[in-house]
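This report covers charged pairs and strand pairing. Have the sequence and the model open as you read.

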2 protein chains.
Amino acid sequence: MCSSCDSNTFKEINHKPADYKPITENIQHNQIKTNPYGPNPADFLSNVSNFQLIESTLREGEQFANAFFSTETKIQIAKALDDFGVDYIELTSPVASEQSRKDCEAICKLGLKAKILTHIRCHMDDAKVAVETGVDGVDVVIGTSQFLRKYSHGKDMNYIAQNAIEVINFVKSKGIEIRFSSEDSFRSDLVDLLNIYRTVDKIGVNRVGIADTVGCANPRQVYELVRTLNSVVNCDIECHFHNDTGCAIANAYTALEAGAKLIDASVLGIGERNGITPLGGLMARMIAADRDYVLSKYKVHKIRDIENLVAEAVQVNIPFNNPITGFCAFTHKAGIHAKAILANPSTYEILSPSDFGLTRYIHFANRLTGWNAIKSRVDQLNLHLTDEQCKEVTNKIKKIGDVRQLNIDDVDSIIKEFHSDL
Amino acid sequence: MCSSCDSNTFKEINHKPADYKPITENIQHNQIKTNPYGPNPADFLSNVSNFQLIESTLREGEQFANAFFSTETKIQIAKALDDFGVDYIELTSPVASEQSRKDCEAICKLGLKAKILTHIRCHMDDAKVAVETGVDGVDVVIGTSQFLRKYSHGKDMNYIAQNAIEVINFVKSKGIEIRFSSEDSFRSDLVDLLNIYRTVDKIGVNRVGIADTVGCANPRQVYELVRTLNSVVNCDIECHFHNDTGCAIANAYTALEAGAKLIDASVLGIGERNGITPLGGLMARMIAADRDYVLSKYKVHKIRDIENLVAEAVQVNIPFNNPITGFCAFTHKAGIHAKAILANPSTYEILSPSDFGLTRYIHFANRLTGWNAIKSRVDQLNLHLTDEQCKEVTNKIKKIGDVRQLNIDDVDSIIKEFHSDL
């Protein structure tokens with residue numbers, strides 16, 4: 001690390017009151033970064049151990065095809081997320097419908113620890129309604145890609161900038177947080193993007209947002225864009241990734257590596273189309289990277305309950321292959337896997353099921369089983385067989401497993417029969 | 001590109017018969033790559049437009065908790081994958097059970113276009129059985145991490161190397177393909193790994209494999225390891241990624257960027273625990289990157305049928321948020337999304353549903369709807385309303401949508417009633 005200036009310190013400096021005079025105040029940030037003998041940018045930028053969550057089940061999630069949240073359900077979800085420890089809860093725009101506005105006000109009055117945000121178009125009509133709801137901050141978004149500028153709002157970058165300045169100054173005047181995000185950032189012109197971000201950063205937004213609205217981005221693109229943006233703005237960077245091509249978790253992680261600070265997530269990833277970065281999957285990724293940080297901030301053992309709550313509200317099943325809570329996420333089957341897991345779970349587990357209030361299962365009732373798994377079962381049954389005998393009964397089990405699907409009772413019967421025949 | 005040597009050409013050279021004398025034969029590959037004035041390594045290495053698939057539903061997939069494939073089902077799946085266009089089909093080890101061996105032989109006799117592989121431990125006992133099954137190649141694997149060396153096979157790197165050399169030479173002597181893979185590569189000592197890979201490369205394996213057996217790797221790690229390995233070996237590189245932390249698709253893509261050539265996938269990602277890179281999700285990712293290449297090689301419009309076939313065989317539901325085939329992957333709901341999609345689908349779709357034989361759906365029966373979506377519905381109903389009238393009826397729909405979940409019939413009734421009242 002460079003001792004005179006690191007990225008996080010520099011950012012803090014910019015948020016300090018005016019009378020705070022750090023010795024580094026005259027150092028130009030960009031100049032330091034381009035020093036080829038300076039610290040490795042990868043380590044210099046990373047927020048992997050210092051990230052925050054913007055939980056958007058009640059905004060992006062409401063755009064999921066099946067979602068219709070009653071006020072009661074919204075409050076239940078908001079409380080569960082707050083208890084889990086999310087840093088921000090984002091709500092549907094109060095101008096979407098009359099009830100959306102009322103629900104926003106109701107959730108603001110709950111007195112949650114999490115800060116409450118609402119998400120609006122970059123337009124004064126929306127902003128005026130939003131600031132009256134009692135939210136702690138407003139997330140403003142506008143499409144900047146050629147596609148969206150042509151087919152959505154039809155405005156040019158100058159118009160976008162003028163509108164943004166007006167809305168941002170208005171929201172700031174109310175003393176609440178403001179984020180400015182582009183939409184479809186990865187298909188927007190890079191110079192346009194950097195220009196508008198620098199403009200809003202100078203006015204003093206709390207965060208700028210990058211959004212992969214169509215789910216097209218890949219991790220190395222994300223790294224490049226976030227790193228570049230990080231050299232242009234002093235405010236925090238928030239990222240929002242759709243999952244159309246299955247990269248939403250990896251992109252979020254890589255964004256943090258490049259210096260983004262906040263990640264948008266929703267329970268089970270629900271959102272437009274097949275959704276965004278899922279909260280549970282992101283927790284799996286982040287625990288693998290920095291377990292202490294994640295466990296110190298978030299109640300990850302509640303993830304299953306929260307997923308069940310939301311799954312029921314939107315009437316979907318937990319995907320069989322869901323990280324952490326998929327029914328077989330901690331099930332080990334092949335013989336060599338089972339053998340090693342029995343000796344030391346870390347051999348085949350990067351996540352510990354107990355962190356999530358879950359348990360491990362060794363699947364030994366099948367033809368891929370190995371004698372170590374069967375020996376373990378023999379011990380559980382309080383029977384005594386030599387290793388050679390365990391190998392013999394394993395072969396019997398494999399033979400029957402070739403013919404039909406086995407369950408635990410089948411295997412136990414085979415073992416007990418074998419034992420009594422001795 | 002360097003005109004005298006590029007990565008792919010050089011690789012082909014090494015697979016040419018001995019009498020082939022290219023003019024570049026004396027050029028040391030590593031020396032060229034380290035030339036700082038050479039081509040950008042990123043572009044130089046990428047196989048994103050030149051990748052192959054090793055489909056492992058019938059090997060890794062059989063390790064999925066629910067999997068029990070009869071011979072008939074295995075043949076049905078193999079034929080479907082072959083028709084889809086996968087380059088390789090990987091099968092369970094013939095030593096797993098007697099029926100596994102017979103099934104392997106049966107699939108080899110089908111005369112499929114795809115090459116048939118079987119997957120064995122790095123052991124002569126297994127290799128001797130494998131080469132007699134009629135397979136086109138053998139995939140050998142051995143654990144190289146400290147964890148696996150201690151708790152699985154208990155062997156040191158010298159023993160691993162000696163065993164590998166014996167097995168590789170034996171398989172090569174039979175005239176079939178051979179791949180050597182480490183297991184748990186991302187928790188293995190880098191020098192150990194590079195040493196063993198260089199050793200087996202010199203003997204002349206067709207491929208070396210990197211396996212993220214525990215699902216811990218992240219994209220930038222993958223890029224670094226594959227790129228490094230690419231500078232050490234001349235053979236092709238195959239990658240295998242578990243999905244415990246939700247990065248299996250992104251890691252596969254990044255591995256291709258770094259010069260890996262082959263990716264292991266399974267239908268719906270089924271495998272140990274929550275599985276590996278899913279075939280469908282990987283297709284989504286690759287189509288976003290190079291649609292022409294993917295469509296020229298793979299029948300992606302069959303992906304839904306193949307997923308249904310396997311989902312039924314292992315008794316799971318297609319995850320609601322599955323890329324491409326999740327029930328709402330092409331459903332657009334929020335007002336501003338629907339508006340732009342109606343004007344030009346590319347605004348919010350990076351994938352075209354028609355490539356997969358699927359259709360787009362604009363979800364207009366909800367409180368987030370916008371007047372553009374309603375106007376489109378009015379047109380579909382052959383009614384005539386002005387824009388102002390559409391906005392008015394949209395407000396009515398939003399009001400009712402605030403109270404309860406709406407379906408299409410509800411909205412159509414509201415529109416028709418509004419129209420007849422005019």
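Asp83(B) is partly exposed, with a relative accessible area of 29%. Here, buried means under 20% relative accessible area, exposed over 50%, and partly exposed in between (1.4 Å probe, protein chains only). This is a predicted model: local features need pLDDT of at least 70, side-chain atom pairs count only at pLDDT 80 or more, and totals for chains, interfaces and linings use all residues. Residues are numbered from 1 along each chain as its sequence is written, chains are lettered from A and ligands numbered from 1 in the order in which they are written, and side-chain values use heavy atoms, with hydrogens and water left out.

**Salt bridges**

Asp83(B) meets Lys299(B) in a salt bridge. The term means a side-chain nitrogen of Lys or Arg within 4 Å of a carboxyl oxygen of Asp or Glu. Lys299(B) is partly exposed too, at 33%. A search of the whole structure finds 58 salt bridges over all chains. Three of them are listed here.

| Pair | Closest N to O |
|---|---|
| Arg273(A) and Asp244(A) | 2.8 Å |
| Glu62(B) and Lys74(B) | 3.9 Å |

Arg273(A) pairs with Asp244(A). Arg273(A) sits in the loop between strand 8 (262-265) and helix 12 (279-297) of chain A, and Asp244(A) in the loop between strand 7 (236-241) and helix 11 (248-257) of chain A, so the pair ties together parts that are 29 residues apart in sequence. Helices (H or I, at least four residues) and strands (E, at least two) are DSSP runs, numbered from the N terminus. Arg273(A) is buried, with a relative accessible area of 1%. Asp244(A) is buried as well, at 8%.

Glu62(B) and Lys74(B) are both buried.

Some salt bridges share partners. They join Lys115(A), Asp139(A), Glu177(A), Arg179(A), Arg207(A) and Glu238(A) into one network.

**The barrel of chain A**

In what order do the eight strands close into a barrel? The order is 1-2-3-4-5-6-7-8 in chain A, and the pairing is parallel. Two strands pair if DSSP finds at least two bridges between them. The twist averages 25 degrees from one strand to the next. Axes are lines fitted to C-alpha atoms, for helices over the stretch in contact, and angles run from 0 to 180 degrees between N-to-C directions.

Four bridges join strand 1 (residues 52-55) to strand 8 of chain A. Gln52(A) stands opposite Leu262(A) in strand 8 of chain A.
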